[in-house]
Every structure is written in structure tokens, then in C-alpha cells.
Amino acid sequence: MASKIFLALLLVISVVATSAGNFNKDFEITWGDGRAKIINNGELLTLSLDKASGSGFRSTKEYLFGKIDMQLKLVPGNSAGTVTAYYLSSLGATHDEIDFEFLGNLSGDPYILHTNVFTQGNGNREQQFYLWFDPTKDFHTYSFLWNPRSIIFSVDGTPIREFKNLETKGVRFPKDQAMRIYSSLWNADDWATRGGLVKTDWSQAPFTASYRNFNAQACVWTSSSGSSCSSNHPTSNQSWMKQSLDATGQARIRWVQKNYMIYNYCTDTKRFPQGLPPECTIA
């Protein structure tokens, strides 16, 4: 009963954007030959995928730390073989990256939410989850909180994963490279659904994912001026810069990971026969 009550509370938690962004101003379509569209005066963005191509967009600004919120409604119905990626990334072989990827599935089967953190070009830190709702029926808020202390992934305000800054223990942490926001909808039926066993059903195309209510409380970085959060560019509210999980947040993340996590690299001893990555064993 307590678990059911907790789930009911999670379902009504939402992240309220302090000022919703405008896709015309804050983003640019990068590929897709017309398959990505910004509509409703910049309030809504849609990506589509057909057999010829997917589509994608990126932010016009780069960020070095921030709290990033985006509402997504994922591809409905038979989405097997498709991937909707929403992530932060820098460029180059030694890039940093913070990932949400939504792996499609057959009608009636749940989406898999795939998360990962790359530092200096190295990832291999996957955690995967089912969601406690149908992400195709309505918009839900997916958030990154990225500050010098940790990276917290949240869904509708509920934390699902934390990657702490353990540089003092020899674990790399993304803190020196500014990143843009990227998103794309693409065909990955060689691996996305049941390891590639289930292929994309192109008779269901076009596949469409929708985005709204982008919000960034973040440090904008430019090559000429550096970070907007530096001492030379004070901002009114940087409380997120020192934010970490409180006792309630820690309880929520434990609950989600107990009930909805389906893969954790930190428990995959077969994958790491020489020993688990150091962040997995540091208390």
C-alpha cells in the first residue's frame, strides 16, 4: 500500500518552468530535410522519421552547468526500432555527454529509458529504466541537473539517477567542456529493440515525437565572454549550482531504481571481469 501511495505522489509531481523557452529562438533544426518542424509560434517542435531519414535539432547556445527541462511526448504505437535521443554534448573525440535515449518497442510493450554519461570521450556508464507511465499518451518532463557536485537525471521531478563528482577518487567528471542540447529521432533497428531482433515496421511511418516547454536555468558559455555565471556576469538565481539530493530525493531514487531499473552497469560483473568501474564501489 505504501508503494502505491508513493507512486500516486510521483505521478502528480511536475516541474514548473520559470520561463518556457521558444524553439524559434533557442534551437535550430540541424537535419531531416523538412521532417523537423517548429510550430505554434515556437511553442512546439516535432521530429519525424520515415524510411528515408530521421531528423534532429540542437540548441543555439552552449551551456557549462545548468538545470535543463524539456517536455517530450514519444512516438506512439509500434515504435520498435526507433530511438528518440535527448542529450547534452560537446564536440570532438574527447567529448563529454549526458544522455537520455528512449528505445521504442512493440505496441503494448514499455519504452526503455536509456541513460549514460561520457567523460573525455568514454561512456560505458549505462543505466536503463522502465517508466511508471505511458510516455506516448501525454507530455512528461525530462530534466538534467548538472553542477560541479553531480549530475541528476529526473523524470517529472522525480530523480532516477545521480552521477557524483568523484574526481578526488580518480573518476573523471564533465566540468570543463561547454555542451549544447541535442535531440534526434532515428532508426536503430540493428540494436534498439530486443538487441535488434525486432525491426522497424515502416508501414507505421512516419513516426513522430513532440517537444514543448523547454526551460534552462543555466550558465551560457561563449568563447568571447566565458560563462554567464562567472563573477563578471552575476545572475539572480544560481541555487541549482549547489543543489544535491536531499533525504526525500535519495528515497525517491532508491524507490525508482528498486522498482523500475532494468540494467545497471555497476552490477554487470560479466561485462567488467577485471573489476567494476571505481564509481560503482565508492560509497
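The protein chain carries 27 positive and 25 negative side chains. The centres of these two sets lie 5 Å apart. The model is predicted.

**Overall form**

The chain has 4 helices and 16 strands. Its C-alpha atoms fill a box of roughly 55 × 45 × 40 Å along the principal axes. A compact globule of 283 residues would have a radius of gyration near 19 Å, and the protein chain agrees, because its own value is 19 Å.

Of the 283 residues, 51% count as buried. The chain exposes about 13500 Å², and carbon and sulfur atoms supply 49% of that area. Take the contacts between residues at least 6 apart in sequence: 66% of them join residues at least 24 apart.

**Aromatic rings**

The structure holds 21 aromatic pairs. One of them joins Tyr-86 and Phe-144. Their ring centres are 5.1 Å apart and their planes meet at 45°, so this pair is tilted. Tyr-86 sits in strand β6 (residues 82–89) and Phe-144 in strand β10 (residues 140–146), so the pair ties together parts 58 residues apart in sequence.

Another pair is Trp-132 with Phe-133. Here the ring centres lie 5.8 Å apart with planes at 90°, so the pair is edge-to-face.

| Residue | Relative accessible area | State |
|---|---|---|
| Tyr-86 | 1% | buried |
| Phe-144 | 0% | buried |
| Trp-132 | 10% | buried |
| Phe-133 | 15% | buried |

Tyr-86 and Phe-144 also belong to one aromatic cluster, together with Phe-100, Phe-102, Tyr-142 and Phe-153.

Conventions: Residues are numbered from 1 along each chain as its sequence is written. This is a predicted model: local features need pLDDT of at least 70, side-chain atom pairs count only at pLDDT 80 or more; totals for chains, interfaces and linings use all residues. Side-chain values use heavy atoms; hydrogens and water are left out. Helices (H or I, at least four residues) and strands (E, at least two) are DSSP runs, numbered from the N terminus. The radius of gyration is taken over C-alpha atoms; the globule rule is 2.2 Å times the number of residues to the power 0.38. Buried means under 20% relative accessible area, exposed over 50%, partly exposed in between (1.4 Å probe, protein chains only). Contact means heavy atoms within 4.5 Å. Accessible areas come from the Shrake-Rupley method with a 1.4 Å probe; for residues, only the protein chains shown count as cover. Lys and Arg count as positive and Asp and Glu as negative; His and the chain ends are not counted. The place of a charge is taken as NZ of Lys, CZ of Arg, CG of Asp or CD of Glu. Rings of Phe, Tyr and Trp (its six-membered ring) pair if their centres lie within 6.5 Å; planes under 30 degrees apart count as stacked, over 60 as edge-to-face and the rest as tilted.
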